Amino acid sequence: MASVKVVPLKEFINRHPTGLRQLLQQRENIVCRNKQSGRLKQVQLRALYQNNPTFWQKEDTWQYYLDRAVAESTAEAIRLQRETSSAWQSAGKGEIEELEAVPGDGPAETDTSAKPASNFGEIYDAYKEMPAPERVGLLQATTRKLEELAQEETKDEDAVAEALVQASENATMANRATLLEALRLGGDQAKAYTQEIVKETHRMVRSTIKLVDSAVYNDDLVKAVVEKSNGTVIQHMTRVFLSGLEFLLYYNRQVMTKGIANRIRIRFPRDYKEYYRSLLPHLHEDYITLEHGLYGGMKALNEVEINKFATGFLVHDVGKAEDIEYHEGDEGYDRSTVERHVKLGYRAVMEKTSYPREAALITGYHHEYYGHPNGYGYFREFLAEYKKANPQVSQDYVMAYTMEPLIDYEVLAYFPAKMLEIVDVFDSLTDPNRKYRSPLSEEEALELIETQFIVENHKVDPILFRLFLDFQEDRNTR
Ligand SMILES: [Fe+2]
Ligand SMILES: [Fe+2]
């Protein structure tokens, strides 16, 4: 065989998650090189794929390469498709708004023939078509990259940032596609169907925590890379997962090493007591303490909790419908559609996977806003029923770190969901891709949350918000 310039297939697919699909469509051949003998042969990609969709990851006997010219033209084709799909998305804005404005029509349906890509983006559409094992394969490949980077002694910040975004996007898309499919299956069958993706996601979350915790990566780069990605909802979920995790780790460092609990206790009577009193009006004011705000006092989280909470952050919006624009922290939306994503997400995570229950509760509680009428969630009706049946019970605490007090009706809110709410609203307000309004600057968004979500309404937690302000400042001065 004459010598050809090639690129490793694995590298190509890791860089372009939709590349495999594109190559299959183009009916390309690939070059296989026997690792021992060095023998080269050309093989139809389709044949290898049909035999094993993740063959390209295992290189025990053979290594797989793509002709460089094919790699370049395929990458170009993918880029063009992305551009066309964003152009379609912008062109289709008016149409979607109109469809959403029809009241009482159930979920808005869009004419897919007129709009090739959903709000989830071109890449996600490719994910949806993949068989579940292929999604697992892609996630595995990106997780392995994270693990390799975690092992390296001197880490390249840019490489870490890119790998983190890539892995988070893969995990988000793979989970959404697989969990929504699982909704159509019965409990045990569904859990078996999602088993592999759950296992790989756990692995991916663990490596991500390790890398984010070591703070070697460049936060600005994460922001820039995520902004470049396509598909607003996936982008939102990726950003919320990474920022939410950072915020959790920041919280922990503040509690463990900076004595924040003491400082907040000192400030409590002046800054927070009144707010908490309005949330627990049935309690005598002597009981309105930091220990009643945060169940048992402000605590550091352990590794297991961080793992579970981060998983909840990752999947929090899996229930979002396609082609629907969401308005976290905004007025004027189709409420029933928006509410549905919480219920659907909770059901998918809780009933169709073996993810920890904490992750399901985070999904179900992430728009509760302390019971404010603008908030919504799965548990309002349940809690109202529970209260009716058990009139003696009362919610004497504001937030709990563990699920039990939440399920026993002792607290108003779940700590990780309150952390997530802030990150979620902040992300929605600063999101550059929202259709209904131009994005706010970071300062404007923080100001708006303070006025509309804390001062005028009691939706977001003021202690956690104070920490979020410090976290943003810390992030921007790093
Ligand atoms: Fe949401
Ligand atoms: Fe969200």
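Over the ring of which residue does the charged end of Lys 459 sit? In this predicted model, the charged end of Lys 459 is placed over the ring of Phe 453, 4.5 Å from its centre; a charge is taken to sit over a ring if NZ of Lys or CZ of Arg is within 6 Å of the ring centre and within 35 degrees of the ring normal. Lys 459 also lies over the face of Tyr 369, at 5.5 Å from the ring centre.

The model is predicted, and local features need pLDDT of at least 70, side-chain atom pairs count only at pLDDT 80 or more, and totals for chains, interfaces and linings use all residues. Residues are numbered from 1 along each chain as its sequence is written, chains are lettered from A and ligands numbered from 1 in the order in which they are written, and side-chain values use heavy atoms, with hydrogens and water left out.

The secondary structure of the protein comprises 22 helices and 6 strands, where helices (H or I, at least four residues) and strands (E, at least two) are DSSP runs numbered from the N terminus. Of the 478 residues in the protein, 53% are buried; buried means under 20% relative accessible area, exposed over 50%, and partly exposed in between, with a 1.4 Å probe and protein chains only. Contact means heavy atoms within 4.5 Å. Among the contacts in the protein with a separation of 6 or more, 73% are between residues 24 or more positions apart.

The largest nonpolar core has 130 residues. Such a core is a set of buried Ala, Val, Leu, Ile, Met, Phe, Trp, Tyr and Cys residues joined through side-chain atoms within 4.5 Å. Helix α11 (residues 232-257) gives the most to this core, with 13 residues. Domain 1 (6-74) and domain 2 (251-477) both contribute residues, so the core lies between them; these domain bounds come from an automatic or database domain assignment. The residues with the most contacts inside the core are Leu 9, Met 298 and Phe 415. With neighbours within four places in sequence left aside, Leu 9 is in contact with Leu 23, Ile 30, Leu 45, Phe 55, Trp 56, Tyr 64, Tyr 65 and Leu 66.

Aromatic rings were examined next. A pair of aromatic rings is described by the distance of the centres and the angle of the planes. Rings of Phe, Tyr and Trp (its six-membered ring) pair if their centres lie within 6.5 Å; planes under 30 degrees apart count as stacked, over 60 as edge-to-face and the rest as tilted. By this rule there are 18 aromatic pairs. One of them joins Tyr 275 and Tyr 276 in a tilted arrangement, 6.2 Å centre to centre and with 55° between the planes; both residues are buried. The rings of Phe 426 and Phe 468 have centres 5.3 Å apart and planes at 70°, so this pair is edge-to-face. The pair links distant parts of the chain, as Phe 426 belongs to helix α20 and Phe 468 to helix α22 (residues 462-477), 42 residues apart. Phe 426 and Phe 468 are buried, and together with Phe 247, Tyr 250 and Phe 471 they form one aromatic cluster.

Helix α20 (residues 415-430) also holds Lys 418. This lysine has a relative accessible area of 2% and therefore counts as buried. Its side chain makes a polar contact with the side chain of Glu 421 at 2.8 Å. A polar contact is a pair of N or O atoms within 3.5 Å; within protein, one must be able to donate a hydrogen and the other to accept it, and residues adjacent in sequence count only if both atoms are side-chain atoms. The side chain of Lys 418 also reaches the backbone oxygen of Lys 459 at 2.7 Å. Beyond four places in sequence, the contacts of Lys 418 include Tyr 369, Tyr 370 and Lys 459.

Tyr 369 lies in the loop between α17 (357-365) and α18 (379-389), and Tyr 370 is placed in the loop between α17 and α18. Tyr 369 is buried, with a relative accessible area of 4%, and Tyr 370 counts as buried at 9% relative accessibility. Phi of Tyr 369 is near 50°, a positive value in a residue other than glycine; for Tyr 370, phi is likewise near 50°.

Thr 402 is found in the loop between β5 (397-400) and α19 (404-407). With a relative accessible area of 34%, Thr 402 is partly exposed. The side chains of Thr 402 and Glu 404 are joined by a polar contact of 3.5 Å.
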